[in-house]
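Work through these exercises with the model open beside you. Try each task before reading its solution.

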Amino acid sequence: MFGLISKIFVWWKDATPGTFLTLRMRGAKQVGSDAYGNRYFEESGVTGPDGQGQKRRWVIYKGYADASRVPSDWHGWLHHTFDERPSDTPLMRQAWEKDHHPNLTGTVHAYRPTGSLASSDRRQSTTGDYQAWSPDEA
């Protein structure tokens, strides 16, 4: 029972009923998923809302809706940068690419440097090598 109620009212954990209805009415089909469990859909029609013949594409997030969890290859597919689905032809990962880390701003795990108003640590006092700038000295 709680599962049905949460499907209707808890929009941040999955798609809303309106989104599922839109996907159904447009004949969208699931075309793939990523390592985070996000599901990707594409409408079956030949013209999209922009009138340029591009099919509309969607992502349904698994869990909390965090757009930064969409991998770069799926992001490119969603925005019509790539025509091929990453599930068919995955992008080669570069050596400098790092794994996803969520944005922790606003959480208890956020970075709070020494001296920050949100930090309990006191900032060290300035030392003798610091000299404040003055506009008269320009």
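Tyr40, Trp74 and Trp77 form one aromatic cluster. The model is predicted.

**Exercise 1.** Classify the ring pair of Tyr40 and Trp74: stacked or edge-to-face?

*Solution.* Start with the count: the structure holds two aromatic pairs. Take the pair of Tyr40 and Trp74. The ring centres are 4.1 Å apart, within the 6.5 Å limit for a pair. The planes meet at 5°, and under 30 degrees counts as stacked, so Tyr40 and Trp74 are stacked. Now place the two residues. Tyr40 sits in strand S2 (residues 39-42) and Trp74 in helix H3, 34 residues apart, so the pair links distant parts of the chain.

**Exercise 2.** Classify the ring pair of Trp74 and Trp77: stacked or edge-to-face?

*Solution.* The centres of these rings lie 5.4 Å apart. The planes are at 85°, and over 60 counts as edge-to-face, so that is the class of Trp74 and Trp77. Next, check the spacing. Both residues belong to helix H3, and because they are three residues apart, about one helical turn separates them.

**Exercise 3.** Decide for Trp74 and for Trp77: buried or exposed?

*Solution.* The cut-off for buried is under 20% relative accessible area. Trp74 has 3% relative accessibility, so Trp74 is buried. Trp77 has 0%, so Trp77 is buried as well. Tyr40 is also buried.

**Exercise 4.** Which residues make up the largest nonpolar core?

*Solution.* List the eight members: Val31, Tyr40, Val59, Tyr61, Val70, Trp74, Trp77 and Leu78. Then ask where they come from. Helix H3 (residues 72-78) gives the largest share, three residues. For background, nonpolar side chains in soluble globular proteins tend to be buried together.

**Exercise 5.** Which residues does Trp74 contact, leaving aside neighbours within four places in sequence?

*Solution.* Trp74 is in contact with Val31, Gly32, Ser33, Asp34, Tyr40, Pro86 and Ser87.

**Exercise 6.** Which way do the residues of strand S3 (residues 57-60) point?

*Solution.* In S3, Arg57 and Val59 point one way. Trp58 and Ile60 point the other way. All four of these residues are buried. Finally, find the partner strand. S2 and S3 pair in the antiparallel sense over four bridges. Phe41 has Trp58 in S3 as its bridge partner.

Methods. Residues numbered from 1 in each chain as written. Predicted model: local features only at pLDDT ≥ 70, side-chain atom pairs only at ≥ 80, totals over all residues. Heavy atoms only, no water. Core = buried A, V, L, I, M, F, W, Y, C linked by side-chain atoms within 4.5 Å. Buried < 20%, exposed > 50% of the residue type's maximum accessible area, 1.4 Å probe, protein only. Helix = DSSP H or I, 4+ residues; strand = E, 2+ residues; numbered from the N terminus. Contact = heavy atoms within 4.5 Å. Phe/Tyr/Trp six-rings, centres within 6.5 Å; stacked < 30°, edge-to-face > 60°. Pairing = 2+ DSSP bridges.
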